[in-house]
Amino acid sequence: MEKRLSILNMRYTKILLLALILFPFSIQADTAEEVGLKIAKAAYENGRGFTDMVSDQLMILIDPKGKEVIREVSGKTLENLDPEDGDKSITFFKTPKDVEGTVMLSHTHISDDDDQWLYLPALGRVKRISSSNKSGAFMGSEVAFEDFSGTDYRKYDWKYLGEKIENDETFFVLESYPNYKNSGYSKRISLTDSLDRTRKVDFYDRKGELLKTLYLEDYELYKDKIWMANTMRVENVQNKNMTIFKWLNRELDTGIDKKDFEKSSLMRLAD
């Protein structure tokens with residue numbers, strides 16, 4: 001009898017472990033909102049764990065006829081460990097001539113509107129991006145100013161919609177709603193893979209119509225724990241334009257001067 005109970009306990013343990021592997025979120029949370037939040041947080045944490053980062057990348061603008069404009073961009077990111085606040089980032093345009101020296105500073109906030117400033121060499125001054133303009137296009141691309149904080153799960157309310165198979169791969173499907181009133185989106189629907197990597201995001205405009213789709217591709221593993229996409233492709237389904245970001249390199253934990261992430265440093269960085 002004891003032997004039989006032991007065998008039954010072993011079988012039960014194996015079944016429980018298998019269920020935890022196959023359905024980790026459904027067992028640990030009860031509601032679709034709780035499950036969605038857990039998956040979104042895991043995907044967010046999957047790309048963190050560094051102090052700072054510097055990178056070089058290409059921004060490629062492609063119109064409906066296939067004409068390309070290529071810009072060389074460098075970036076800096078300062079990770080914020082404050083649970084009540086978000087990260088800081090700097091985007092610096094190196095070429096071509098018409099955008100050379102343009103610098104944007106973005107500071108993500110969890111509860112309040114993000115702080116964003118743009119230095120335009122032609123005007124010789126720093127311009128603050130108002131909260132009502134954050135849905136506007138960033139430097140003529142299909143990326144909006146508000147997209148710079150789009151990876152921070154704390155700025156959205158989440159809902160788990162189930163699973164979906166695309167290209168023989170199973171994804172978690174999440175719906176998210178911006179929790180700040182000036183967003184240009186009514187909702188987003190994203191696909192997250194089994195490694196907690198966001199692979200696709202559909203953005204819906206304020207009318208509830210599909211506006212654009214973001215594809216995150218060519219993931220690379222850093223420090224044996226941090227997944228980052230080396231290609232981000234945004235396809236606007238309404239105007240047929242496309243913007244592609246291709247990372248040429250990344251360096252983590254370089255010891256960036258925190259003063260670089262202050263508004264007063266923008267003009268100095270542009271020189």
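Student: Let's start with Ala42: which helix is it found in?

Tutor: Quick note before that: this is a predicted model, so local features need pLDDT of at least 70, side-chain atom pairs count only at pLDDT 80 or more, and totals for chains, interfaces and linings use all residues. Residues are numbered from 1 along each chain as its sequence is written, and side-chain values use heavy atoms, with hydrogens and water left out. Helices (H or I, at least four residues) and strands (E, at least two) are DSSP runs, numbered from the N terminus. On that basis, Ala42 sits in residues 32-45, which is helix α3.

Student: Is Ala42 buried, partly exposed or exposed?

Tutor: The cut-offs are under 20% relative accessible area for buried and over 50% for exposed, with partly exposed in between (1.4 Å probe, protein chains only). Ala42 has a relative accessible area of 22%, so it counts as partly exposed.

Student: What distance separates the C-alpha atoms of Ala42 and Asp196?

Tutor: Along the chain, Ala42 and Asp196 are 154 residues apart.

Student: How far apart are the end C-alpha atoms of α3?

Tutor: The expected span is 1.5 Å times one less than the number of residues. For the 14 residues of α3 that should give 20 Å. The model agrees, with the end C-alpha atoms apart by 20 Å.

Student: What arc do the buried residues of α3 cover around the axis?

Tutor: The buried set in α3 is Val35, Gly36, Ile39, Ala40, Ala43 and Tyr44. The arc is that of the directions from the helix axis to the C-beta atoms, and here it puts them on the same side of α3. As background, an α-helix has 3.6 residues a turn, so residues three or four places apart point the same way. The arc for this set is only 165°.

Student: On to charges: how many salt bridges does a search of the whole structure find?

Tutor: The criterion is a side-chain nitrogen of Lys or Arg within 4 Å of a carboxyl oxygen of Asp or Glu. With that rule, the whole-structure count is 18.

Student: Which residue forms a salt bridge with Glu79?

Tutor: The closest N and O atoms of the pair are 3.9 Å apart. It links distant parts of the chain, 31 residues apart: Glu79 lies in the loop between β2 (68-78) and β3, and its partner in the loop between α3 and β1 (52-62). Both residues are buried, and the partner is Arg48.

Student: Which residues does the network with Asp193 and Arg199 join?

Tutor: Arg199 and Asp193 form a salt bridge with closest N and O atoms 2.9 Å apart. Arg199 is partly exposed at 23%, whereas Asp193 is buried at 1%. Salt bridges that share partners make one network of Glu169, Asp193, Arg197 and Arg199.

Student: Where is the residue Pro96, and what is the omega of its peptide bond from Thr95?

Tutor: Pro96 is in the loop between β3 (85-95) and β4 (103-109). The bond from Thr95 to Pro96 is cis, with omega near -5°.

Student: What is the phi of Lys240?

Tutor: Lys240 is in the loop between β12 (226-236) and β13 (242-252), and it is exposed, with a relative accessible area of 56%. Its phi is positive in a residue other than glycine, near 70°.

Student: And what is the phi of Asp218?

Tutor: Asp218 is placed in strand β11 (residues 210-222) and is partly exposed at 48%. Although Asp218 is not a glycine, its phi is positive, at about 55°.
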